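Here is a friendly tour for anyone who likes to read a fold strand by strand. Take a moment with the sequence and the model, and then we can walk through them together.

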Amino acid sequence: SLFYISPGSGSITGLQSNSNYDWVAMGYDTLNKVVYGFSNIVNTRSLYALNLVTDTTFLIMTYTNLNIFAAEYDNTNNKLYAVGFSDSSNTMQWLYEVNTFNGQEIAIGALGLTANKTVYNAIDDGINGLAYDPTINELYGISHNGDLYTISTSTGVASLIGNTGTF
């Protein structure tokens with residue numbers, strides 16, 4: 001299920017029930033009020049869009065050889081970024097720019113990080129979360145091990161900032 005948590009009150013509002021979408025990575029387009037979700041677990045590896053205005057979900061693309069573990073929408077430059085690896089690259093993670101109309105992925109570059117795939121995430125040094133800071137035009141990634149990185153949106157190279165600690 002997808003929820004909105006109010007930063008002020010902490011109240012929780014359901015936005016959509018889990019309609020058998022197993023999204024492991026998402027990005028939110030604030031202008032168009034669309035959540036993009038990548039599935040990897042139960043269903044075929046796919047990219048979906050959830051329009052929060054019309055409350056409709058639709059399939060954009062089905063992937064045959066791409067495993068996505070993190071995504072973020074850059075609302076400043078209107079780009080959907082994703083981190084994962086193809087079946088052919090085995091464990092080397094790549095940064096992709098994904099076309100939100102047809103799902104076509106463009107490989108920007110290798111992060112320089114390897115990861116072992118589990119059912120729903122990338123373990124070891126694998127990036128499992130992305131965040132974009134529009135005030136400084138910077139993409140961040142966090143690994144399974146708690147390492148925080150900046151990720152170049154032009155080359156894909158990840159640079160270690162430090163470790164956030166374990167939970």
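In which loop is the place of Asn-137? Asn-137 sits in the loop between strand S12 (127-133) and strand S13 (138-143). Please keep in mind that this is a predicted model.

## Two asparagines with positive phi

Let's stay with Asn-137 for a moment. Its phi is near 55°, a positive value in a residue other than glycine. With 45% relative accessibility, Asn-137 counts as partly exposed, because that value falls between the 20% and 50% cut-offs.

Asn-78 belongs to the loop between S7 and strand S8 (79-86), and its relative accessible area of 48% makes it partly exposed.

## The chain as a whole

Stepping back, we find 15 strands and zero helices in the chain. The chain has 167 residues, of which 41% count as buried. Among contacts with a separation of 6 or more, 33% come from residues 24 or more positions apart.

What about the surface? The accessible surface of the chain comes to about 8600 Å², and carbon and sulfur atoms hold 53% of that area. Phe-3, Ile-5 and Ile-12 together make a nonpolar surface patch of about 340 Å². Of these, Ile-12 is found in strand S2 (residues 12-16), and it counts as exposed because its relative accessibility is 56%, with the cut-off at over 50%.

How many of the six residues of S4 are buried? Six of the six are, so the strand is largely enclosed by the rest of the structure. Val-34, Tyr-36 and Phe-38 point one way from S4, while Val-35, Gly-37 and Ser-39 point the other way, and all are buried.

Strand S3 (residues 23-29) runs antiparallel to S4 and is joined to it by six bridges; one to look for is Trp-23, whose bridge partner in S4 is Ser-39. The hairpin of S3 and S4 has four residues between the strands, and in this hairpin Lys-33 takes a positive phi near 55°. S4 also pairs with S5 in the antiparallel sense, over six bridges. There, Tyr-36 stands opposite Ala-49 in S5.

S5 itself covers residues 46-51 and includes Tyr-48. That tyrosine has a relative accessible area of 11%, so it is buried by the under 20% cut-off. The C-alpha atoms of Tyr-48 and Met-26 are 9.4 Å apart, and the two residues are separated by 22 residues along the chain.

The structure holds four aromatic pairs.

Buried or exposed? Tyr-36 is buried, with a relative accessible area of 7%, and Tyr-73 is buried too, at 6%.

Key:
Residues are numbered from 1 along each chain as its sequence is written. This is a predicted model: local features need pLDDT of at least 70, side-chain atom pairs count only at pLDDT 80 or more; totals for chains, interfaces and linings use all residues. Side-chain values use heavy atoms; hydrogens and water are left out. Helices (H or I, at least four residues) and strands (E, at least two) are DSSP runs, numbered from the N terminus. Buried means under 20% relative accessible area, exposed over 50%, partly exposed in between (1.4 Å probe, protein chains only). Rings of Phe, Tyr and Trp (its six-membered ring) pair if their centres lie within 6.5 Å; planes under 30 degrees apart count as stacked, over 60 as edge-to-face and the rest as tilted. Contact means heavy atoms within 4.5 Å. Accessible areas come from the Shrake-Rupley method with a 1.4 Å probe; for residues, only the protein chains shown count as cover. Patches are made of residues with over 30% relative accessible area and no salt bridge: like charges are joined within 9 Å, nonpolar side chains (Val, Leu, Ile, Met, Phe, Trp, Tyr) within 5 Å. A salt bridge is a side-chain nitrogen of Lys or Arg within 4 Å of a carboxyl oxygen of Asp or Glu. Two strands pair if DSSP finds at least two bridges between them.
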